[in-house]
Each structure stands twice: as structure tokens, then as C-alpha cells.
Amino acid sequence: MTYRSIDQLPVQLADGVLSVTLNRPDTLNSLTEDMLNGIADTLEQAATDVDVRVVKLSGAGRGFSSGASIGADDVSETDTDGPRRALDGANRAVRAIVALPKPVVSVVQGPVAGVGVSLAIACDIVLASEKAFFMLAFTKIGLMPDGGASALVAAAVGRIRAQRMALLAERITAAQAYDWGLVTSVHAPEDLDDAVNTVIATLSGGPAVALRKTKQAINEATLTELEAAIEREREGQLTLLAAKDFVEGAKAFQQGRKPAFRDS
């Protein structure tokens, strides 16, 4: 099969490994609607491609992803169509990662925030650099976690730690993330590529049917609330995107000041 690449999302298939790269390094790989739908399209296509044995999802530059590319200029209290499409694209991408009948490995070499966290931890193996950190930064701009984060994070770290990440919007270091069960392993920056190559080689040379059934069994046992969470998040996020607090939060972030939230 031939896979469609765009400048912001190059895709390459070689030796059974489908590499998908978030490629907006100047914005820490902030995710556009086209990128999110491109991830979904690629993985939905890969689901039936016998030449794909494993998928690698990574980011260009110093970080994995800073989250969705949505600012105050992208939304008003009466027009949420653009953010809605981006949200739906993110949900498609997460669903495609979880449903893919092949293992997906995410490579988190630096910061990952917002819905970028959802994409990273929806993958089956999460390899992180010691320089990485994870941040559910949504409440800082008047939003709530989306992309299935409320289910994905809680399934990995438990309710109390998930509430801490989501409500306080703290940075979680790579060491913390490993201790909490959010990532598979943590490596020195200079050793990350070798670790990724070792894992990819193990999966690409492994028993495809056994890997498929194992992934499906574990996801069905642990992500029973994912679909319901995505729908709850979508409903809540669309309400928040149309609220004054989001417009204020996004403007404050862009201007480097503390937001003055007033909704109640």
C-alpha cells in the first residue's frame, strides 16, 4: 500500500515498520486538524495492510507534542466549528491507535502536553527520554482533558493521580511518569534511539497474531470506559470552548500573563 504524507505528518513504511512523525518542531509539534485526521487515516489504512507489523509514532525536534493547535483567535462564543473538527480528529486518532490490530510504539523525547498526552499513552509501548515531561495543561486555559485522556490516564495511574494531573495541570517528570505507570521505560537521551530500535525489532519480528490478540485483550480489560469518556469529554469540551473562560485563558497564555477566569 501507498501511504499519504504531508509536510506536517510524514509517513514511511520500511521493513514492516510504519513510521509516523509529528513534524511541526517550531511549535513543539502542535497538532492541527489535518495532522490528527492524517494519523487516523494512516492507522485505519494500516489495520488491513499485511506489510505493516508495528507502528512508530514520534515527534520531530525537541518535543513530542504541545497539544492541539487552538488559540483564542480560533474560537468565539458562537463559533466552535474549527475546534470541534480538531477535537473530532483527535478522537479519531486515539480510537485508531487503540483499535489498530498491531502494536504501536510512541517515542517521547521531550515535552508532551494536552491531547499530545492522549496520543502518546494510547500507544501500547511508551518510551521516554529523561528530558521528557507530561502535562495535562487544559485547565490552565479553561478547558478539560480530551482525546480520551480521562480514561487513558486513569487506567494507567489511578484516579487520584489522574485528578492531580488534570486538576492541577502539573508537569510530571519522566521519572515520575515511570514510577506511576504512565510510560513503559525511561532512557538517557543518548540511549533512547537504541532502546526504540530494540523494542521495534522485537515487535516486528514477533508473532503477529499473538501480539494482536494480546493487545486486544488488555485494552478490552482496562479501557472499558474509553468510548464513554470520549463522548463525555466531547460534550464538556464543546461547552467550554464556547465559554468566556477559554477565550480569556487562551489570550492570557499567548500574552504570558495569569488568566482572570470569571465563569461559574
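Predicted model: local features only at pLDDT ≥ 70, side-chain atom pairs only at ≥ 80, totals over all residues.
View 1. Strands S3 (residues 54-59) and S4 (residues 104-108) run parallel and are joined by four bridges. Two strands count as paired if DSSP finds at least two bridges between them. Strands (E, at least two residues) and helices (H or I, at least four) are DSSP runs, numbered from the N terminus. Residue numbers start at 1 along each chain as its sequence is written. Local features need pLDDT of at least 70, side-chain atom pairs count only at pLDDT 80 or more, and totals for chains, interfaces and linings use all residues, while side-chain values use heavy atoms, without hydrogens and water.

**View 2. The open sheet.** Six strands line up in the order S1-S2-S3-S4-S6-S9, with mixed pairing. S1 (11-14) and S9 (185-187) are the edge strands; each has a single partner strand, so one side of each lacks a neighbour in the sheet. Neighbouring strands are turned by 20 degrees against each other on average, direction ignored. Axes are lines fitted to C-alpha atoms, for helices over the stretch in contact, and angles run from 0 to 180 degrees between N-to-C directions.

**View 3. The sheet in its chain.** The chain holds ten helices and nine strands. Its C-alpha trace spans about 55 × 35 × 35 Å along the principal axes. Buried residues (under 20% relative accessible area, 1.4 Å probe, protein chains only) make up 50% of the 264 residues. Of the contacts (heavy atoms within 4.5 Å) with a separation of 6 or more, 73% link residues 24 or more positions apart.
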